[in-house]
Amino acid sequence: RLAAVLLVILVGTLLLLASVAGADTARPLAPWRQSAQAVVVSATGRALCVATGIFSIKQVGERSSPESCRMVVVAPHSTVLDTLVIASVLGGPSSVGKAELARSILGPFLRAIQSIFVDRADRNSRSAVAAAIRERVKVGSPWRRQLVLFPEGTCTNRTSLISFRRGAFEPGAPVQGIVLHWHTSTFDPAWTAGAPSRGFVLIRTLATWNHSVTVEFLPEYAPSEAERRDAALFAENVRKRMAAALAVPISNHSYSDSFLAAAATKHGLRPGAALVRSIADMVAEARAGPGAPAVDESEAFGKCKALLACYAAAPGMTRDAELGATQFEVIAQAAAEAIGLPSALDWDQVCADVSAAPATTTFTAFAVAHLKALAKAETAKSTPALVAQ
């Protein structure tokens, strides 16, 4: 089956490269080229689904035409197989993906369908991608193919919808939501931080024959004037509609939390025990006072990641991620230095939010205490480190 997957990717890529031979892929393709690509992508996606054990794909609802809605958002995103399913039912849309994909075996395939790549570590790349998205979906744009995004920005276990990234919503253009209902029995192909390796998930997926998916097309969502002015509001309202269709709750966790969970796993901690609360929740509690500017998520993530490394380095730390007073004394100075605090906290400061200092504490309490101290120190200097300038 792995050989079949590689063969299908090779054949599909060659056909797509033939469809753009002599064309400038930085510009909109001729209608006949797009039509040819739609057939190739749909057939390739369906063949890959069969090769990976997805024999049943049921479609519910009505798909919007590219003329009426250029932007398609898909959730939840739990596995790379999601992209195969979407390719098989949409056929020929462009996508927005991480830059690493451009250098993978799928790179030529994705470039041929005029995908947009973002380097998550490069702020300039993000600005360029935002501009490219606006150009693709604006009224009167010469681009005639739909653009597909997974607004969660990372894989989850489908038990809730995490915060949507705003890239798909900043242009203020109508969007169509697609929700994926996976039906699994012996093995769930979802990949998240703390789960088995991707290689193991791939092998188990290829060894399973009974995956099925229902693809539900939601009604097109045209933003209100308030939503066009506020991409965060637009994204949140679309997320709520999609969560309702999935019958799952929404979560305050975000893309950054998934990377912090991955870091916890690398440090030998169980993410579910170490990261009880989201970064946004921890930083909101740690803010120096009401009326503070909005939290800079990337800055907060860096601080939390540094604190997590110190926390995990405590002597005798276990996967359950509980920290005792004696262990804290060993790492207190390192934790302060890691985030730029002028002096280390003491145990009572870490446990300040409880009536009596407990025998152990959690990473959440440890992080919040340090972020509070940092917020106060930075506020005193009038140069906040945890808030957007």
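Modeller: Helices here are DSSP runs (H or I, at least four residues), numbered from the N terminus. The model is predicted, so local features need pLDDT of at least 70 and side-chain atom pairs pLDDT 80 or more, while totals for chains, interfaces and linings use all residues. Residues are numbered from 1 along each chain as its sequence is written, and side-chain values use heavy atoms, without hydrogens or water.

Helix 2 (residues 31-51) packs with helix 3 (residues 81-90) at an angle of about 140°, their axes being 7 Å apart. The axes are lines fitted to C-alpha atoms over the stretch in contact, with angles from 0 to 180 degrees between N-to-C directions. Helix 2 and helix 3 cross in a left-handed sense (the near helix is turned anticlockwise from the far one by less than a right angle).

On the side of helix 2, Val-41, Ser-42, Gly-45, Arg-46, Leu-48 and Cys-49 make the contact (heavy atoms within 4.5 Å). Helix 3 contributes Leu-84, Val-85, Ala-87 and Ser-88. By class, six residues of this contact are nonpolar, three polar and one charged (Ala, Val, Leu, Ile, Met, Phe, Trp, Tyr, Cys and Pro are nonpolar; Asp, Glu, Lys and Arg charged; the others, Gly among them, polar).

As for the rings, the count comes to nine aromatic pairs (Phe, Tyr or Trp ring centres within 6.5 Å, the six-membered ring being used for Trp).

Note on methods
Helices (H or I, at least four residues) and strands (E, at least two) are DSSP runs, numbered from the N terminus. Rings of Phe, Tyr and Trp (its six-membered ring) pair if their centres lie within 6.5 Å; planes under 30 degrees apart count as stacked, over 60 as edge-to-face and the rest as tilted.
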